[in-house]
Amino acid sequence: MKTQVIVVNGGSSSGKSGIVRCLQAVLPDPWLALGTDTLVEAMPASMQVSDGGIGFAADGEVTVGPEFRTLEAAWIEGVAAMARAGARVIVDEVFLGGASSQQRWRSALGELQVLWVGVRCEAVVAAGREVARGDRTVGMAASQAETVHQGVTYDLEVDTARAEAMECARAIAAHVG
């Protein structure tokens with residue numbers, strides 16, 4: 001059976017978005033790219049200043065409240081519905097809750113054929129990228145580098161500290177049915 005969804009999980013500045021763009025270039029069929037940044041950008045600005053939304057602390061810690069979780073659950077179900085309707089989807093995700101985050105996706109994706117990909121990157125490398133980007137709270141990359149993988153099971157893992165995005169994308173594409 002053909003892979004319908006590729007879930008790419010890794011910490012901030014680990015290189016996920018670059019891999020996703022490369023995947024879209026190397027995969028033979030068109031794939032939609034959706035990610036946690038897509039969700040956050042779609043939310044009203046008020047969600048970033050309320051206790052119920054999503055917060056970014058000065059040290060890089062990310063907190064989410066019940067209103068965020070409600071919208072996130074609807075968004076995950078919507079992504080799953082697009083895949084069920086025939087769209088092939090690459091999800092660029094940050095599993096802040098580790099295994100519990102993966103379980104939310106597993107429940108929504110159900111019977112769909114999913115390729116689970118872990119994007120590893122040493123904390124010091126991700127932190128350097130974070131500073132170079134200039135659009136992230138300093139500390140986020142280091143705090144997420146390992147925690148997003150805790151208890152998560154993958155079909156494949158890539159390491160962006162040791163391989164370029166295109167090399168990682170080709171490795172992932174080789175596993176897509």
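This is a predicted model: local features need pLDDT of at least 70, side-chain atom pairs count only at pLDDT 80 or more; totals for chains, interfaces and linings use all residues.
Is Thr160 buried or exposed?

1. **Thr160.** With a relative accessible area of 9%, Thr160 falls under the 20% cut-off and is therefore buried. Thr160 sits in the loop that runs between strand 7 and helix 7. Its side chain comes to 2.4 Å from the backbone oxygen of Ser14, so this counts as a polar contact, the limit being 3.5 Å. If you display the surroundings of Thr160, leaving out residues up to four places away in sequence, you will find that it touches Ser14, Gly15, Ile19, Val119, Arg120, Cys121, Arg129 and Cys168.

2. **Ala163.** The loop between strand 7 (156-159) and helix 7 (165-173) also holds Ala163. Ala163 has a relative accessible area of 14%, and because buried means under 20%, Ala163 is buried.

3. **Ser13.** Please have a look at the backbone here. Most residues other than glycine have a negative phi. Ser13 is not a glycine, yet its phi is positive, at about 65°. Ser13 belongs to the loop between strand 1 (5-9) and helix 1 (16-26). Its relative accessibility is 5%, so Ser13 counts as buried.

4. **The aromatic pair.** How many aromatic pairs does the count give? The count comes to one aromatic pair. The partners are Trp75 and Trp105, whose ring centres lie 5.7 Å apart with the planes at 85°, so the arrangement is edge-to-face.

5. **The largest pocket.** Which residues lie nearest the centre of the largest pocket? They are Ser12, Thr36, Asp37, Val94 and Arg136, out of a lining of 40 residues. The volume of this pocket is about 670 Å³. By residue class, the lining is made up of 14 nonpolar, 13 polar and 13 charged residues.

How values were computed:
Residues are numbered from 1 along each chain as its sequence is written. Side-chain values use heavy atoms; hydrogens and water are left out. Helices (H or I, at least four residues) and strands (E, at least two) are DSSP runs, numbered from the N terminus. Buried means under 20% relative accessible area, exposed over 50%, partly exposed in between (1.4 Å probe, protein chains only). A polar contact is a pair of N or O atoms within 3.5 Å; within protein, one must be able to donate a hydrogen and the other to accept it, and residues adjacent in sequence count only if both atoms are side-chain atoms. Contact means heavy atoms within 4.5 Å. On a 1 Å grid over the protein atoms alone, a cavity is a set of points where a 1.4 Å probe fits but cannot get out, and a pocket is an open set with protein on both sides within 12 Å along at least five of seven lines; lining residues have an atom within 4 Å of a point. Grid points are joined across faces, edges and corners, and a volume is the space filled by probe spheres set on the points. Ala, Val, Leu, Ile, Met, Phe, Trp, Tyr, Cys and Pro count as nonpolar, Asp, Glu, Lys and Arg as charged, and the others, Gly among them, as polar. Rings of Phe, Tyr and Trp (its six-membered ring) pair if their centres lie within 6.5 Å; planes under 30 degrees apart count as stacked, over 60 as edge-to-face and the rest as tilted.
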